[in-house]
Amino acid sequence: MGPLLWGLAFALLPLPLKAQEGLQDYDHWAGLCQSLTQQKQYEDALKACDQAIALNTNDPQTWIDRSTIVFALAKHSDAVAAFNQVLKLKPDEPQILAKRCISLFKLKNYEPALKDCELALQVADQRGQSLPDQAWYYRSAALFKLERLEEALAAYDWATHIHSRDGRAWADRCQVLAALKQYSLAFQSCDRALRGDSDWGGSSPAIGWSQLAQLHRQLGDYNQALKGYDKALAFAPKDSQLWSQQGILLDQLGEHQQAQASHGFAVTLAPTSSAALIQQCANANQLRQFEMALASCEKAFQEGDGDWGEAGLEFAWSQRGTALIGLGRFEEALTSIDRALALTPKDAHSWSARALSLWRLGRFDEALDAAAQGVDVDPQSSLAWFNQGRILTTLGKLEEAVAAYDQALKGDANAGKQPTLVEIWINQSAAYWRLEDYGQALSAADQAVALDAKSDRAWYNKALALMGLRSYSRAVTAYNKALAFNEKNADYWTGKGIALKALGNFPEALASLEQALSLNPNHSLALLNQERVKKQIEPSQ
């Protein structure tokens, strides 16, 4: 990103000081500006500085005082404008260049920030002057933000040499080393950051614990990562980003209800954070709370600050599309997903969501093409393979569907990520059943039950496979398990009734079929078998 052009803008505000007697006295206002700045009475100091500048725009000291004030108040756009004025009057002043570097960095304008820090260090070295350690730190941080990792590592090495107790520099160095996959050295750097003697420069050890948590997460050690976030939040309980990161990790572990609480805290602390809102949207999608998901996504777009975090704007459009799919608004979903793909064409999740939308719209050939794109982009994407399997099943290409589900099982699916392993096994069981391969259908259903013994759909598919194998007594047991978790499903009651009929238990069969018809009076299979069971019962009466 190129340097921003910063204009000069400041207001002349009336002072609650001895009214008008020194109104035109520049020395009075300049002296008051300097005195109040030294006393850190920044609001009154700022008014005095602006009065002085209105009378004389060419005194560098007043501009220095004004820049000090707005810098201390974290008004970094104003600070850059003030620093620009100082540097016009006192070119290449290293202390001012270093501070402008920091303000530019805070404004995420990393290229000019880096140039300022490097120039400040160069000029100070030429003049034999010393600079605050912050200049070394922010030079390193800017290089890291610009993804110049090797240079950033060298810069952090020097920054930690200059100030060996700089906790922020050690923690950031840990992150750089992790990005370079030098994990052993990364742990050493994080551990050094979290030593009790570290200087956090006005921050807290939360930075170090957060970096350590991210390192554990990157290596798949999720329990240690959670402990790291807990430690970080103990130091910074009002840090929205930390709560959001914890929520993302909990989602990854399948702990979506706990994650929902973390995302809620993040949004409460930063209600206009687009990054926090979009993660809340993604969490609600995982919970299939699609109305809530869409509300969070829309708020992120309409009221958010436009900072999408590491996930990026494409993730926001993709999650919005996922919520719309869940609500059955498939054309709108396609529009949103296409926005995501325009930004990041190589995103397997977006291609999979596009395939799902097209599938729901009955555009099967296009859906299959989109699913294939998702697989090509990321062969490890279980979601892409899973959706391909579903579409192939719809098209009656069952053997290809089974193969797609096999690939989905080998991909990145886990207990917490949609689709879960359970869902894949359930769908593969159904495909095998339609192929009349009841043994494989039973094996897949058993895998699903083993992973989630409370899944009514897994038990139902097991019952169907057992029916195909003519193991009716075991099928009744499986139907009962399915009904224990979902007693409002007419298909389950119908299947149980048919199994009982096959066992010759006509009274109980009739009771099950009538229960099915109480839930769905038009259930054709239940109606057909009800008549047949009644005919079996009537001659014996």
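The structure is a predicted model in which local features require pLDDT of at least 70 and side-chain atom pairs count only at pLDDT 80 or more, while totals for chains, interfaces and linings use all residues. Residues are numbered from 1 along each chain as its sequence is written, and side-chain values use heavy atoms, with hydrogens and water left out. Helices are DSSP runs of H or I with at least four residues, numbered from the N terminus.

The axes are lines fitted to C-alpha atoms over the stretch in contact, with angles running from 0 to 180 degrees between N-to-C directions. Contact denotes heavy atoms within 4.5 Å. A crossing is termed left-handed if the near helix is turned anticlockwise from the far one by less than a right angle, and right-handed if clockwise.

The contact joins Tyr26, Ala30, Cys33, Gln34 and Thr37 of helix 1 to Gln61, Thr62, Asp65, Thr68 and Ile69 of helix 3. For helix 8 (residues 149–162) and helix 9 (residues 167–179), the axes come within 10 Å and cross at roughly 155 degrees. Helix 8 is therefore roughly antiparallel to helix 9, a term applied to angles over 145 degrees, whereas angles under 35 degrees count as roughly parallel, 65 to 115 as roughly perpendicular and the rest as oblique. The crossing of helix 8 and helix 9 is left-handed, and in it Leu149, Ala152, Leu153, Tyr156, Asp157, Ala159 and Thr160 of helix 8 meet Ala169, Trp170, Asp172, Arg173, Val176, Leu177 and Ala179 of helix 9.

The axes of helix 21 (residues 382–394) and helix 23 come within 11 Å and cross at roughly 25 degrees, which makes helix 21 roughly parallel to helix 23. Ser382, Phe386, Arg390 and Thr393 of helix 21 make this contact with Glu423, Ile424, Asn427 and Arg434 of helix 23; helix 21 passes helix 23 in a left-handed crossing. The loop between helix 23 (421–434) and helix 24 (438–451) holds leucine 435. With a relative accessible area of 34%, leucine 435 is partly exposed, on a scale where buried means under 20% relative accessible area, exposed over 50% and partly exposed in between, for a 1.4 Å probe and protein chains only. Leaving aside neighbours within four places in sequence, leucine 435 is in contact with Leu398, Glu399 and Val402. Leucine 435 and tryptophan 425 are 10 residues apart in sequence, and their C-alpha atoms are 15 Å apart in space.

Helix geometry was also examined through the expected span, defined as 1.5 Å times one less than the number of residues. The 14 residues of helix 18 (residues 330–343) should span 20 Å, and the end C-alpha atoms are 20 Å apart, which agrees. Phe330, Ala333, Leu334, Ser336, Ile337, Ala340 and Leu341 are the buried residues of helix 18, and their cover includes helix 17 (313–326) and helix 19 (348–360).

In helix 29, Ala526, Asn529, Gln530, Val533 and Ile537 are buried. Seen down the axis of helix 29, these buried residues fall within an arc of 115 degrees, so they line one face of the helix; the arc is that of the directions from the helix axis to the C-beta atoms. The face turned away from the buried side of helix 29 carries the exposed residues Ser524 and Lys535. Among the elements covering the buried residues of helix 29 are helix 27 (490–502) and helix 28 (506–519). Threonine 494 is found in helix 27 and is buried, with a relative accessible area of 2%. Not counting residues up to four places away in sequence, threonine 494 touches Leu513, Ala516, His523, Leu525 and Ala526.

Backbone torsions were considered last. Most residues other than glycine have a negative phi. Alanine 74, in the loop between helix 3 (60–72) and helix 4 (76–89), has a positive phi near 60 degrees and counts as exposed at 51% relative accessibility. Aspartate 92, in the loop between helix 4 and helix 5 (94–106), has a positive phi of about 55 degrees and is partly exposed, with a relative accessible area of 36%.

Definitions and conventions
Helix = DSSP H or I, 4+ residues; strand = E, 2+ residues; numbered from the N terminus.
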